[in-house]
Amino acid sequence: MLNHLLILKKILLKYIMDPAALIAITSVVFTGLSTLITTIFTSMSISRCSKIVCCFGCFDCDREVVNDEVVARAVENNNQT
(Lines give C-alpha, C1' and ligand atoms only; values in the text may rest on other atoms or scores of the structure.)
Protein backbone atom coordinates (compact mmCIF):
# COMPACT_ATOMS: atom_id res chain seq x y z
CA MET A 1 0.00 0.00 0.00
CA LEU A 2 2.78 2.41 0.91
CA ASN A 3 4.51 1.61 -2.38
CA HIS A 4 1.36 2.56 -4.29
CA LEU A 5 1.14 5.85 -2.43
CA LEU A 6 4.75 6.67 -3.23
CA ILE A 7 4.18 5.90 -6.91
CA LEU A 8 1.06 8.10 -6.91
CA LYS A 9 3.03 10.89 -5.25
CA LYS A 10 5.74 10.69 -7.94
CA ILE A 11 3.15 10.80 -10.70
CA LEU A 12 1.36 13.78 -9.15
CA LEU A 13 4.58 15.70 -8.63
CA LYS A 14 6.00 14.95 -12.06
CA TYR A 15 3.00 15.32 -14.32
CA ILE A 16 0.11 17.05 -12.62
CA MET A 17 0.91 19.62 -9.95
CA ASP A 18 3.74 21.35 -8.21
CA PRO A 19 4.57 20.68 -4.53
CA ALA A 20 2.94 23.89 -3.25
CA ALA A 21 -0.41 22.98 -4.82
CA LEU A 22 -0.17 19.44 -3.48
CA ILE A 23 0.47 20.74 0.05
CA ALA A 24 -2.44 23.18 -0.24
CA ILE A 25 -4.85 20.47 -1.40
CA THR A 26 -3.68 18.10 1.34
CA SER A 27 -4.17 20.81 3.97
CA VAL A 28 -7.70 21.57 2.76
CA VAL A 29 -8.64 17.88 2.74
CA PHE A 30 -7.34 17.24 6.26
CA THR A 31 -8.97 20.42 7.59
CA GLY A 32 -12.29 19.35 6.08
CA LEU A 33 -12.02 15.85 7.54
CA SER A 34 -11.15 17.14 11.00
CA THR A 35 -14.10 19.57 10.87
CA LEU A 36 -16.43 16.75 9.85
CA ILE A 37 -15.20 14.47 12.65
CA THR A 38 -15.51 17.28 15.21
CA THR A 39 -19.05 18.05 14.07
CA ILE A 40 -20.13 14.41 14.27
CA PHE A 41 -18.73 13.82 17.74
CA THR A 42 -20.05 17.15 19.08
CA SER A 43 -23.52 16.28 17.82
CA MET A 44 -23.25 12.82 19.36
CA SER A 45 -22.20 14.24 22.72
CA ILE A 46 -25.26 16.51 22.87
CA SER A 47 -27.56 13.75 21.66
CA ARG A 48 -30.23 12.33 23.97
CA CYS A 49 -29.82 8.81 22.57
CA SER A 50 -28.60 6.03 24.83
CA LYS A 51 -27.40 3.79 21.95
CA ILE A 52 -25.35 5.40 19.18
CA VAL A 53 -24.27 3.66 15.97
CA CYS A 54 -22.15 5.64 13.52
CA CYS A 55 -20.30 4.95 10.26
CA PHE A 56 -22.38 1.92 9.28
CA GLY A 57 -21.68 0.13 12.55
CA CYS A 58 -17.94 0.82 12.74
CA PHE A 59 -18.51 2.92 15.85
CA ASP A 60 -21.23 2.11 18.36
CA CYS A 61 -21.72 2.68 22.05
CA ASP A 62 -24.24 2.37 24.86
CA ARG A 63 -24.12 5.31 27.21
CA GLU A 64 -25.88 7.02 30.04
CA VAL A 65 -27.70 10.14 28.92
CA VAL A 66 -26.68 13.33 30.72
CA ASN A 67 -29.32 15.51 32.34
CA ASP A 68 -31.01 18.42 30.54
CA GLU A 69 -29.09 21.08 32.46
CA VAL A 70 -25.71 19.87 31.18
CA VAL A 71 -27.00 19.67 27.61
CA ALA A 72 -28.44 23.19 27.79
CA ARG A 73 -25.11 24.54 29.07
CA ALA A 74 -23.20 22.81 26.25
CA VAL A 75 -25.56 24.18 23.60
CA GLU A 76 -25.26 27.67 25.11
CA ASN A 77 -21.46 27.46 25.07
CA ASN A 78 -21.48 26.32 21.42
CA ASN A 79 -23.75 29.22 20.44
CA GLN A 80 -21.45 31.76 22.10
CA THR A 81 -18.38 30.69 20.12
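Which helix is Asn-79 found in? Asn-79 sits in helix α3, residues 68–80. Before the views, two notes: this is a predicted model, where local features need pLDDT of at least 70, side-chain atom pairs count only at pLDDT 80 or more, and totals for chains, interfaces and linings use all residues. Residues are numbered from 1 along each chain as its sequence is written, and side-chain values use heavy atoms, with hydrogens and water left out.

**View 1. The whole chain, element by element.** Three helices and two strands make up the chain, and from the N terminus on the order is α-α-β-β-α. (Helices are DSSP runs of H or I with at least four residues, strands are runs of E with at least two, and both are numbered from the N terminus.) The C-alpha atoms fill a box of roughly 55 × 30 × 15 Å along the principal axes. The radius of gyration, taken over C-alpha atoms, is 20 Å, while a compact globule of 81 residues would have one near 12 Å. That globule rule is 2.2 Å times the number of residues to the power 0.38.

View 2. Asn-79 counts as exposed because its relative accessibility is 63%. (Exposed means over 50% relative accessible area, buried under 20%, and partly exposed in between, using a 1.4 Å probe and protein chains only.) Now look back along the chain to Ala-24: its C-alpha atom and that of Asn-79 are separated by 30 Å, and the two residues are 55 apart in sequence.

View 3. Strand β1 (residues 51–54) and strand β2 (residues 59–62) run antiparallel, joined by four bridges. (Two strands pair if DSSP finds at least two bridges between them.) Val-53 has Asp-60 in β2 as its bridge partner, and Ile-52 stands opposite Cys-61 in β2. Four residues lie between the strands of this hairpin, where Cys-55 takes a positive phi near 60 degrees.

**View 4. The two faces of β1.** Which side chains of β1 are buried? Ile-52 and Cys-54 are, and they point to one face. Across the chain, 9% of the 81 residues count as buried.

**View 5. Contacts along the chain.** Take the contacts between residues at least 6 apart in sequence: 11% of them join residues at least 24 apart. (Contact means heavy atoms within 4.5 Å.)
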